[in-house]
Amino acid sequence: MRQRFSLARLLASSSLVAVVAMGLGGCTAMSKLSDVTGSVGPRAEAAPADPARAVEVYGERYRANPKDAEAALGYGQALRANGQRAQAAAVLEQATIANPGNKALLAQYGRALADNGNFQQAFDVLSKAHSPDNPDWRLLSVQGTALDQMGRHQEARSYYASALKIAPGDPGVLSNLGLSYMLSKDLPKAEEALRQAYASPRASTRVRQNLGLVVGLQGRFAEAETIVKADLPPDQAAANVAYLKDMLSRSDTPRGAARRTPVASLSQPD
């Protein structure tokens with residue numbers, strides 16, 4: 001395994017950008033149905049842990065009354081958690097039309113748009129989901145990720161800074177900030193932000209992965225390997241190391257060759 005890599009080529013990789021987009025955006029696992037906007041009502045408390053089952057449960061409620069905001073919100077997030085991103089965006093779009101001004105629906109619709117790569121539209125919708133006098137730091141962070149995906153890194157960091165003023169030290173926001181610096185090829189600052197995120201007891205597996213990736217991109221593979229497998233069961237440590245090697249080896253993948261994006265280790269929300 002080579003320990004020195006072509007940073008420009010790696011950061012230009014469409015596969016890496018796709019992984020970064022997942023790392024930036026938000027939840028891909030459904031730890032709860034209120035990941036952004038608070039509880040969606042008493043029915044959300046009984047949400048099945050399995051995303052596929054949640055799609056069935058919330059789908060039945062939604063089909064019984066498509067204009068019901070609670071049912072649409074639960075169904076939309078269940079679809080997102082189950083990887084049915086286009087369908088989630090379609091459901092939430094219709095729900096926002098039926099319930100104009102519903103900020104919880106707008107927040108989830110904006111996230112669904114970001115899931116699908118509609119970053120400008122996502123940013124615009126999320127701007128309507130909260131206001132300058134009552135900002136939601138989670139939405140500020142997601143808006144930052146949308147800006148980063150459009151190449152507007154300085155603007156994105158102003159959103160992360162605003163989010164961190166409300167939620168100091170949040171590891172998810174700090175991780176997004178680190179990836180923002182990585183996208184603009186400022187790896188020392190990326191590492192600094194990610195180390196702050198990693199130091200938090202609330203840091204997710206994704207934060208560990210992102211820090212290891214940024215350290216590895218600087219040619220310090222042994223250190224990166226130590227980071228991604230520290231304090232983990234052997235099977236998970238091995239999976240993390242395999243992920244790291246796969247990502248770092250993308251700079252040597254011939255253009256046009258088949259590429260697989262390993263997402264299992266990124267399945268937990270920040």
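## A tour of the helix pairs

The crossing of H9 and H10 is left-handed, meaning that the near helix is turned anticlockwise from the far one by less than a right angle (clockwise would be right-handed). Helices here are DSSP runs of H or I with at least four residues, and strands are E runs of at least two, numbered from the N terminus. This is a predicted model, in which local features need pLDDT of at least 70 and side-chain atom pairs count only at pLDDT 80 or more, while totals for chains, interfaces and linings use all residues. Residues are numbered from 1 along each chain as its sequence is written, and side-chain values use heavy atoms, with hydrogens and water left out.

**Stop 1: H9 and H10.** Select residues 153-166 for H9 and 171-183 for H10; their axes come within 10 Å and cross at roughly 165°. Axes are lines fitted to C-alpha atoms, for helices over the stretch in contact, and angles run from 0 to 180 degrees between N-to-C directions. H9 is therefore roughly antiparallel to H10 (over 145 degrees; under 35 is roughly parallel, 65 to 115 roughly perpendicular, and the rest oblique). Show the side chains in contact (heavy atoms within 4.5 Å): among them are His153, Arg157 and Tyr160 of H9 and Asn176, Ser180 and Tyr181 of H10.

Stop 2: Over residues 137-170 the chain is 79% helix and 0% strand, and the end C-alpha atoms lie 10 Å apart.

**Stop 3: H11 and H12.** Move to H11 (residues 187-198) and H12 (residues 205-217), which pack at about 150° with axes 9 Å apart. H11 is thus roughly antiparallel to H12. Their crossing is left-handed. Residues to display include Leu187, Leu194 and Tyr198 of H11, with Val207, Leu211 and Val214 of H12. By class, this contact of H11 with H12 has ten nonpolar, one polar and three charged residues (nonpolar: Ala, Val, Leu, Ile, Met, Phe, Trp, Tyr, Cys and Pro; charged: Asp, Glu, Lys and Arg; polar: the others, Gly among them).

**Stop 4: H12 and H13.** The contact of H12 with H13 divides into five nonpolar, three polar and three charged residues.

**Stop 5: a salt bridge.** Last, select Arg195 and Glu223, which form a salt bridge with the closest N and O atoms 2.7 Å apart. Arg195 lies in H11 and Glu223 in H13 (residues 221-229), so the pair ties together parts 28 residues apart in sequence. The whole structure has nine salt bridges, each a side-chain nitrogen of Lys or Arg within 4 Å of a carboxyl oxygen of Asp or Glu.
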